[in-house]
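Here is a short briefing on a two-chain model. Keep the viewer open while you read.

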Amino acid sequence: MNNLKKKLAGLYPTKDHAGIYKSGREGYWSNLSKKENKEFLAVISSQGARQAVQAVIPKYEDMIFSEKREAVLELLDHSTPGVCIDYGCMWGVLSIGMAKRGHQVVSVDQTYFSLNFLKSRIEEEDLENIHLVQDDIKLTNFNNIADYSLVNGVLEWVPVTQEVDVNKYYQKGGDVDSYITPPRKMQLDFLKNVRDGLKEKGKLVLSIENRNFYQYYMGRKDPHENLLFTTFLPRAISNIISRIFHKKEYRSHIYSFRGMKKLVKEAGFSEIEVFMAFPDYHFPEIILPYSKAGLNLYDKYPNKNRITKKQKISYYIEYFLTKYLRIKALSPAIMIVAKK
Amino acid sequence: MTYNCSNILMSIAKSSSHKEGVKDINSEVQGLDWYNERSSNKLSYEVCRVSESYISLRIKALDKIEIPGMCSYSNYKDLIFSVVRHYCEVWNKEVDGKNVCALHGDLSLVGNILFVDLNSPVFIDWEHFDKNAAPIGFDALNCILELLYYEDLNDINLLHSNLRHVSQMMSFLDSKKCLDKVFYNSPLLSMTDFMRKNSHLWGSQIDKFPVLKFSKDQAMNIDNYLNKISSLVEGEKC
């Protein structure tokens, strides 16, 4: 632990009053606006994290506290404690999960509000093995320090460098950045950087939506751009759609199972295990190997968010596609475990 | 669940990093130990506790047989007897004048009992285990009576045929000293009453139990009919 602290202190000489290592590189990515975040943090200081979430942002309670979110961590072996870097940790649900599993966790995020919230959770959970770092995840300079790296719902946002208040980002207009580097190149560079942060045989755990999720073909909007069909159409056409309807470039690229595996391989990872997650990677009810054997294990599963008729029909379609037609490429989400 | 490359179930793993979940898995481990000490059918498992706030339990899968998926009393009569016999084998070792004995808490043919063969049931899912919590016979009755819930209770002939079987099972339990006298006169109501008074044993899951879904009238009718049959049986014996 002291060794890790020394390394972090070497990389980030500045540590603020809240104990957060600072790189000087700040940014903003949040489901809340800055104003909402300020109000939220004020309530946290008086009521504690859980109550503050229930009072101010109840719709995110499961997103922040649900144990189900940690399911992806069970793809790792926790019998030996190690060092884990959680890239783009946000509210820290996976950082907390890894810390409880006995690992030293370095939680990196550019959004100070999120780190502050995580700080309160760490205090409430009485954990001493999480180290908070405010940095741009693309520019971190960890070198051979981690046994595990988590990239959970983060890769797709890497090419978007502007400040993101998710609700605003979904709308027409917004800030237009002039980008030079193509999204895929940025994502590849990021994954290479993640690889550099791992020790030999260290493991990457990555979760992301599947570009070819069957619901996108049925009219479900792109979860990152709030546009129809942009996930699976050729990138150039998606870009035109985005420019017409949202006046900005289409950047938040997600991938097919094959495309994702290829990208991870290109970043230098080996022994890549691919999994499909149902009904999504946030709250997975089933995680199965992306293989014929995995398909054999697909079965009915509960989902408390399956309420409307449309959602139920959609689930029956998924069941038919996966159980009977045995199509795995249209599954909702991708999880990957790969070795350096 | 972990499968090998031939798609065969190798183990079932449970883990938790939440207080409640860790408590449940710890109870399950205690339950497994308790069961393994007493049962001829053992479950082998591994526990990983890397910190106080995380536990994972991996139970080695058994070569089990598939039982019919139609969960109703009439489909399961043979299996029920097999379960009751195994219950007596395991719990009988508890009987030494105690008022309360060990509680499985969710002994059910719907998912929590595996069969190595039709005469060898194995009890799994011990997360509600408590070493000294329930009157003897509670779990066996829960397993028996919950299946009535899945039947058409309006089909009187079917109901009566099933209740005659319930009565036989209760007699068997009693003969093996595995039925507390609290259950003699009104088994279903006594059970549900016990559950409601001790709801802490099940926590937030208490509402899922089928036996608690019988209406009061249904429960009284079932108990009355069971009483009637048992007095007839007693009469026949005399």
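The points below go from the chain contact to single elements.

This is a predicted model, in which local features need pLDDT of at least 70, side-chain atom pairs count only at pLDDT 80 or more, and totals for chains, interfaces and linings use all residues. Residues are numbered from 1 along each chain as its sequence is written, with chains lettered from A and ligands numbered from 1 in the order in which they are written.

**Contact between the chains**
- 13 residues of chain A are in contact with 14 residues of chain B (contact: C-beta atoms, placed from the backbone, within 7 Å).
- On the chain A side, α5 (93-100) and α12 (292-296) are the elements that give two or more residues. Helices are DSSP runs of H or I with at least four residues, strands are runs of E with at least two, and both are numbered from the N terminus.
- That side of chain A divides into 3 nonpolar, 5 polar and 5 charged residues. Here Ala, Val, Leu, Ile, Met, Phe, Trp, Tyr, Cys and Pro count as nonpolar, Asp, Glu, Lys and Arg as charged, and the others, Gly among them, as polar.

**A:Pro81**
- A:Pro81 sits in the loop between α4 (61-65) and β4 (83-87) of chain A.
- A:Pro81 counts as partly exposed because it has 16 C-beta neighbours inside 10 Å. The cut-offs are 20 or more other C-beta atoms within 10 Å for buried, 12 or fewer for exposed, and partly exposed in between, with C-beta atoms placed from the backbone.
- Leaving aside neighbours within four places in sequence, A:Pro81 is in contact with A:Gly102, A:His103 and B:Val50.
- A:His103 is 22 residues from A:Pro81 in sequence, yet their C-alpha atoms are 4.8 Å apart.

**Helix α6 of chain A**
- Helix α6 (residues 112-125) has 14 residues and reaches 20 Å from first C-alpha to last, close to the 20 Å expected at 1.5 Å a residue (expected span: 1.5 Å times one less than the number of residues).
- Which residues of α6(A) are buried? They are A:Ser114, A:Leu115, A:Phe117, A:Leu118, A:Arg121 and A:Ile122.
- These residues cover an arc of only 160 degrees around the axis, so they lie on the same side of α6(A). The arc is taken from the directions from the helix axis to the C-beta atoms.
- Their cover includes β3 (29-30), α2 (34-47), α3 (49-56), α5, β5 (104-109) and β6 (130-134) of chain A.
- Just after α6(A), A:Asp126 takes a positive phi of about 60 degrees.

**Sheet of chain A**
- An open sheet of 10 strands runs in the order β1-β2-β6-β5-β4-β7-β9-β12-β10-β11, with mixed pairing (two strands pair if DSSP finds at least two bridges between them).
- The edge strands are β1 (14-15) and β11 (286-289).
- β1(A) is joined to β2 (residues 21-22) by 2 bridges, antiparallel. A:Lys15 has A:Tyr21 as its bridge partner.

**Chain B**
- Chain B has 6 helices and 8 strands. Of its 238 residues, 35% count as buried.
- Domain 1 (2-60) and domain 2 (73-237) divide the chain; the bounds come from an automatic or database domain assignment.
- The C-alpha centres of the two domains lie 26 Å apart. 14 residues of domain 1 are in contact with 15 residues of domain 2.
- Strands β3 (residues 45-51) and β4 (residues 54-60) run antiparallel, joined by 5 bridges. A hairpin joins β3(B) to β4(B) through 2 residues, and B:Ser51 stands opposite B:Tyr54.

Terms used: Two residues are in contact if their C-beta atoms, placed from the backbone, lie within 7 Å.
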